[in-house]
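Student: I have a structure to look at and I am new to it. Could you help me read its features one by one?

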Amino acid sequence: MSYDIEGECLADEVFAQMLVSKGYSNIVWDPYTCKSHKCLIERKNNKGYCKDCFDLQEREKGTFAARMKERNVTIITSTLDLDGPFSHFIASRRLIPIHLSISQRLLFFENTLDIVHFMEFIGNWLPETMLEFLLYDVYRVLRPGGIFWLEHFFCFGSQVNKTYLPMFDRVGFNRLRWHAGRKLDHDGIQKNEWYISALLEKPVI
């Protein structure tokens, strides 16, 4: 829009909403390193946080959320806009983005969700009390028989059986599948880093 020097600064919300209604993005690019969609796609060739997360021809072509949406499953995805408009990207794929901190309860009633899926999101960087709070909240929102799918939970080898296996059991999940394995890159082998992946079920009472 054009403005008169020293004149009234006119609001452009109506214009913005008109563009949104026609499918245009209303992304504010100021906080991000990239300033365009083209940059987001091409940054897969550079170093940085989640550098290939916007590439629909590769990694994002086959994500769990996208595949489930194709089968008419309602998907709600928790995201943070860390150096990229992730929430806008998720919404453009007809998924529902929500912003949550680790310390917040999940925004759902008890016994309502069929599945909760965490991928490379939680690990031993969380204090144990906070992690246990989160696990109990996952248990709360799952319906009886619902599944908690955990992928690549990061920890050290000494913590697998001593800390985390008892914690998951204490919350009350049935273990359908549980796999703990060494992280096989150089640092993982040197530091005894491990991943836990599991399918856990809320018991049917």
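Student: Which residues are linked with Asp137 in a network of salt bridges?

Tutor: A salt bridge is a side-chain nitrogen of Lys or Arg within 4 Å of a carboxyl oxygen of Asp or Glu. Here Arg105 and Arg140 are linked with Asp137 in such a network. By this rule the count comes to 9 salt bridges. Before we go on, this is a predicted model, where local features need pLDDT of at least 70, side-chain atom pairs count only at pLDDT 80 or more, and totals for chains, interfaces and linings use all residues. Residues are numbered from 1 along each chain as its sequence is written, and side-chain values use heavy atoms, with hydrogens and water left out.

Student: What salt bridges does Lys183 form, and is Lys183 buried or exposed?

Tutor: Buried means under 20% relative accessible area, exposed over 50%, and partly exposed in between (1.4 Å probe, protein chains only). Lys183 is buried, at 15%. Its side chain meets Asp185 in a salt bridge of 2.7 Å, N to O, and Asp185 is partly exposed at 36%. Lys183 also forms a salt bridge with Glu193, with the closest N and O atoms 3.5 Å apart. Lys183 lies in the loop between strand E5 (174–182) and helix H7 (186–191), while Glu193 is in strand E6 (residues 193–201), so the pair ties together parts that are 10 residues apart in sequence. Helices (H or I, at least four residues) and strands (E, at least two) are DSSP runs, numbered from the N terminus.

Student: How do I check the length of helix H5?

Tutor: The expected span of a helix is 1.5 Å times one less than its number of residues. H5 (residues 128–141) has 14 residues and should span 20 Å; its end C-alpha atoms are 20 Å apart, which agrees. Among its buried residues are Leu131, Leu134 and Asp137.

Student: Which element gives the most to the lining of the largest pocket?

Tutor: On a 1 Å grid over the protein atoms alone, a pocket is an open set of points where a 1.4 Å probe fits, with protein on both sides within 12 Å along at least five of seven lines; lining residues have an atom within 4 Å of a point. In this model, 45 residues line the largest pocket, and Thr77, Ser78, Thr79, His117 and Met119 lie nearest its centre. E3 gives the most to that lining, with 7 residues.
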